[in-house]
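This report concerns aromatic contacts, a helix and a pocket. The sequence and model are shown first.

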Amino acid sequence: MDKYYYFAAQLPLLTLEKEEFPSIEWFLREADKWMDDRDLKQLKAMSLDPLAMGPVTNPAARAWYEFELQLRTELMRWRQSQRENYEHRITVFPTSIVKEGNPLEVEKKLLHFRWQYLDDLNSGHYSDLDFFVIYYLKLQILARLAAMD
């Protein structure tokens, strides 16, 4: 675990406003150098898509999985209500996220909402597996946002 302090210390701070960020490939190569095999396997199982995730046991991964499933379920119910012309009250995120803007803008706002959740989840984690899981998910968000430009 002591190695994790050094790994965390070498990682650049991630922000949504930054145009340059480490590549996912670079991060995983570095993780391979510093992390033990069990933790590395957990890290590599992480995905923005909860259905693509492998089995996870650490708290941040479980929290992400539950959050993302709840978010996607709420989106599905809202979109269905729009197609079938009935009212669905969104409880997981602000309604303005999906009601204002074109589909690209909505997707960007949803990614920002996910980022905020990860920021909240990161509280108190500085160099443990949860920290690296959250960092990896944030890198995936940044890569998705960069692909939209």
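The text below describes a predicted model, starting with its aromatic rings.

**Aromatic contacts**

The whole structure contains 13 aromatic pairs. In one of them, the ring centres of Phe131 and Phe132 lie 5.2 Å apart with the planes at 80°. Because planes over 60 degrees apart count as edge-to-face, this pair is assigned to that class. Phe131 and Phe132 also belong to one aromatic cluster, together with Tyr4, Phe7, Phe27, Tyr135 and Tyr136.

Burial is judged against a cut-off of 20% relative accessible area, under which a residue counts as buried.

| Residue | Relative accessibility | Class |
|---|---|---|
| Phe131 | 13% | buried |
| Phe132 | 0% | buried |

**Helix α7**

Helix α7 covers residues 129–148. Its 20 residues reach 29 Å from the first C-alpha to the last, close to the expected 28 Å at 1.5 Å a residue. Since 15 of these 20 residues are buried, α7 is largely enclosed by the rest of the structure.

**Second largest pocket**

The second largest pocket has a volume of about 180 Å³. Which helix supplies the largest share of its lining? That share, four residues, comes from α7. The lining includes Phe131, Ile134, Tyr135 and Lys138. Ala8, Leu11, Pro12, Leu13, Leu14 and Asn122 line the pocket as well. By residue class, the lining divides into eight nonpolar residues, one polar and one charged.

Methods: Residues numbered from 1 in each chain as written. Predicted model: local features only at pLDDT ≥ 70, side-chain atom pairs only at ≥ 80, totals over all residues. Heavy atoms only, no water. Phe/Tyr/Trp six-rings, centres within 6.5 Å; stacked < 30°, edge-to-face > 60°. Buried < 20%, exposed > 50% of the residue type's maximum accessible area, 1.4 Å probe, protein only. 1 Å grid on protein atoms, 1.4 Å probe; cavity = no way out; pocket = protein on both sides within 12 Å on 5 of 7 lines; lining within 4 Å. Points joined across faces, edges and corners; volume = space filled by probe spheres on them. Helix = DSSP H or I, 4+ residues; strand = E, 2+ residues; numbered from the N terminus. Nonpolar A, V, L, I, M, F, W, Y, C, P; charged D, E, K, R; others polar. Expected span 1.5 Å × (residues − 1).
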